[in-house]
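Trainee: Could you take me through this model, one packing or pairing at a time?

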Amino acid sequence: MEPHHNNPQETVHAKVPSLDIPELHQCVHCGLCLNQCPTYRVLRLEPASPRGRIHLVNAAAEGRIELGDRFKEHIYLCLLCRACETACPSGVSYGRIAETAREQLGPPGSPFARALLNLVFTRLLPYPRRLRSVFALLRLYQRTGMQRLVQPLLPGKLRDMDTMLPSIPAKFFRQKAMVLPAIGERRARVGLLNGCVMPLLFGDVNEATIRVLRRNGCEIVLPKNQTCCGALNIHNGEGVAAKKMARRNIDVFLESKLDAIVVNAAGCGAAMKEYGYLLRDDPAYREKAESFSARVKDAGEFLAALGVSAGLRPVEMTVTYQDPCHLAHGQRIRAQPRQLLRMIPGLKLTELEGADRCCGSAGIYNLTHSEMSQHLLKEKMQSVAATGAEAIVAPNPGCMLQLAYGARRYGPPVKIYHLMDLLDRASDAAGE
Amino acid sequence: MPAAELIRELRGIVGSPYVLIEKADVVVYEQDGSIFQVMPEIVVVPGDVEEIAAVVKCARRFNTPIVPRGSGTGLAGGAVPAEGGIILSLARLNRILRVDLQNRIAVVEPGVINADITKLVAKDGLFYAPDPSSQAACSIGGNVANNSGGPHTLAYGVTTNHVLGIEVVLDDGRVVWLGGEVPDTPGYDLCGVFVGSEGTMGIVTKVVVKLTPSRESVRTLLGVFDQMDDATETVVAITGAGIIPAALEIMDRTTIEAIERGAPVGLPQNAEAVLIVEIEGLKEHTERALEIARSICQRNHAREVKLAANEAERQLIWKGRKGAFGAMGALAPNYYVQDGVVPRSRLPEMMRRIALISKQYNLRIANVFHAGDGNLHPNILFDMRSPGELERVIEAGAATLRACVELGGSITGEHGVGLEKKAYIGLLFNEADLAAMARVRRVFDPDGRFNPAKLFPTPASCGEVRLEPAKIPAGLWI
């Protein structure tokens, strides 16, 4: 090397026009996002920061760097928690930049993992019945004692994944009727998204959500042919099936003439509020998607705006609240869930230090990047311990699974609730 | 590719994951908060002072430049590797080592984020006073290098007024303390020499900062004006009335538009200027001073004077102000911020000149500035991708700096000289001044290896160096 004089000829790669989206040019690299980024906070390396990733995508779009493995690693190390969007003074939609890059790259991991993920994204998630069968098999695996026999024989990484598998409930959520009447005076007619894993792992939360909404005067519509929201696909570089699922949901919900489409999973709500953007290049669906997205409401957001009309009985409990990233950062909803919790008599809410920092769940991130995920979870559980709370409220299935695992593995042995669980318990029988 | 042997040694010192050489890693470090880009060769991210000392020794043996970098939020290209070599990131040295409440000091590592110090000691009624607008992200090391200020500089002074001592790694790898934990150590004030030296003398590895007791009462008002002239005249009148507010900040119409588009805080979008007046102290004082400030605003034709009713309202005003630079992205893909200073009595005239320059060069300029200090920040908005625009921007920038100097001011208030203003430093200092400074620098860095090509005009074209565009063509170096 010539000291004091470097001259790396810029190797020129092909430009990638599909990466060159307007959002890239809204970033003025001020750096205010750095300290809010969970991965940067841990690694202290700028390629692991939002500004760094935006710069990488920009460089790749211009053909200054290769769309190679290293680039892909950086883009997929991101949790897509979007805390950087909250910090950004320019209002850069970082999520769109990252999702665009991932769609260009395809799913993460080894060729085998990619094939498996593609299978899940295109052949499993869009089909609720197939997903149900898979979970029924997994349940069998757990309940027959096979898990106890097999787990010790599994190779390292697979064994870790197996220990993370939550206990699958005996009962899956099944929609009983297409339309469930409001209890008392009807104040709104709303649709409810079943979700993909919600009915299988958190069927009771769906039931609770329905009870809470009905007790507060909502007529509930459960469109039969609804499907998964597609968020996992979008976050992991699969766009084709995702768009199909979005179109399906738009069709079945819009034909039901609803005041709102209520979603009790933060990640799904955030994705559905972006259907308008997802289908921006689809002339047949663009407008329908916009009007669909405008109706999507998180369950807590919707109930706080509607106003709680059901009577609330005391629930004696000290809880802390974890902001799901796709609620706080993705949908800018922070006040409403806390406001609803404070309405429950006897319930004490103690604030969690770093409540809006990701717990490391992030969809399938806890499987694809278990080391970083566990690091963040451990930190999270330490903050939880400092609150002295006996339960964490986190209205999103991914966070609930991750935090439950955290409580098992690192302690403290707290219970994990969805916001709707506690509202259900507080309003139980009060109005029936 | 950099020499394999150098890379091997660096890996031995800090560990392989912390030596970055792949393009998909180092490209991220080619830029800071400014518009300058130079592709780095090697980025090293050490974990402690011993590793830093070893890296410095190693760089000396290979005669390779070292460019220190904190959070990379600088606005003058100070962290851009103008002559290649090693970027030394201090991001991993981010521990607050000790807080001494009795003596009101904290000992921190250079990678500690400015705002994190206040966050830690606020419950004890203390805070760290220098508050650059980037304080949620910028590092103390970067603050020391640039002698950073902020909106509250008016009342509290700049970084050098709040740093008692520093531990530094010298060019031969020796580690020494300059200054200490008590004010006024005997002998040369070498700590004072280092603060503001922009990384050209050595690597700061620990900083002893002063902690300031928070005030009993803080009151903030927002004056809304239909004319920029009225806002600047108000500033002149307030300081002339003998009140020293903690902060006096002006934002113009374009800046308000950027903030309200990027991350809205509810500023009046049809105003020509808003003036933030913040007053701190004992309750009796703040109430009285607030009344005086309010009546001065009204006398100078303020359309409206709003008082922040509570801390949440106050924080919202500051959120807007502190996000102002970053918000420029909501109006244009690029902005070029100047950091000129004029005596505050000349503010009205200077703002008129900037309006003229904006017209003359046909460029939008958003003004957000520390009016109390006469420290201007005209942000020239542009699009790097449109041909010829950058050249016009640079000329317009130069015109504002010349105007500052003509009105008896300076070319930089707080952002540092870096790459960006080294061409203009000749407007302020003559050759003898600059030679004296260069001699001081050579005492610490005889080979000119620490952050080369910054601060001083490049000898080849002393005083006339052209500002380089952000995208430097391959093979062409500053």
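Trainee: At what angle do helix 8 and helix 13 of chain B pack, and how are they oriented to each other?
Mentor: Helix 8 (residues 228-240) of chain B packs against helix 13 (residues 347-360) of chain B with axes 8 Å apart, at about 155°. Helices (H or I, at least four residues) and strands (E, at least two) are DSSP runs, numbered from the N terminus. Axes are lines fitted to C-alpha atoms, for helices over the stretch in contact, and angles run from 0 to 180 degrees between N-to-C directions. Angles under 35 degrees count as roughly parallel, over 145 as roughly antiparallel, 65 to 115 as roughly perpendicular and the rest as oblique, so helix 8 and helix 13 of chain B are roughly antiparallel.

Trainee: What ground rules apply to the numbering and the confidence of the model?
Mentor: Residues are numbered from 1 along each chain as its sequence is written, while chains are lettered from A and ligands numbered from 1 in the order in which they are written. This is a predicted model: local features need pLDDT of at least 70, side-chain atom pairs count only at pLDDT 80 or more, and totals for chains, interfaces and linings use all residues.

Trainee: Is the crossing of helix 8 and helix 13 of chain B left-handed or right-handed?
Mentor: A crossing is left-handed if the near helix is turned anticlockwise from the far one by less than a right angle, and right-handed if clockwise. For helix 8 and helix 13 of chain B, the crossing is right-handed.

Trainee: Which residues of helix 13 of chain B make that contact?
Mentor: Two residues are in contact if their C-beta atoms, placed from the backbone, lie within 7 Å. Helix 8 of chain B brings B:Met228, B:Asp229, B:Thr232, B:Glu233, B:Val235 and B:Val236. Helix 13 of chain B answers with B:Leu347, B:Pro348 and B:Met351.

Trainee: How many residues of each class does the contact of helix 8 with helix 13 of chain B have?
Mentor: Ala, Val, Leu, Ile, Met, Phe, Trp, Tyr, Cys and Pro count as nonpolar, Asp, Glu, Lys and Arg as charged, and the others, Gly among them, as polar. The contact of helix 8 with helix 13 of chain B has 6 nonpolar, 1 polar and 2 charged residues.

Trainee: Which residues of helix 10 of chain B meet helix 8 of chain B?
Mentor: Helix 8 of chain B packs on helix 10 (residues 283-299) of chain B at about 145°, axes 9 Å apart. That crossing is right-handed. By class, the contact has 5 nonpolar, 1 polar and no charged residues. B:Thr234, B:Ala237 and B:Ile238 of helix 8 meet B:Ala293, B:Ile296 and B:Cys297 of helix 10.

Trainee: What is the strand order of the open sheet in chain B?
Mentor: Two strands pair if DSSP finds at least two bridges between them. The open sheet has 5 strands with antiparallel pairing, in the order 5-6-10-8-9. Its edge strands, each pairing on one side only, are strand 5 (96-100) and strand 9 (175-179) of chain B.

Trainee: Which strands does helix 4 of chain B touch?
Mentor: Helix 4 (residues 114-121) of chain B packs on the sheet, and its direction makes about 45° with that of strand 5 of chain B. The strands touched are strand 5, strand 6 and strand 10 (203-210) of chain B.

Trainee: How many residues of chain A are in contact with chain B?
Mentor: By class, the side of chain B that touches chain A has 24 nonpolar, 15 polar and 7 charged residues. Chain B puts in 46 residues; from chain A come 38.

Trainee: How are helix 2 and helix 5 of chain A oriented to each other?
Mentor: Helix 2 (residues 50-61) and helix 5 (residues 94-105) of chain A pack at about 45°, axes 10 Å apart. Helix 2 of chain A passes helix 5 of chain A in a left-handed crossing. The two helices of chain A are therefore oblique.

Trainee: In which sense do strand 1 and strand 3 of chain A pair?
Mentor: Strand 1 (residues 179-180) and strand 3 (residues 218-221) of chain A share 2 bridges. A:Leu180 stands opposite A:Ile220. The sense is antiparallel.
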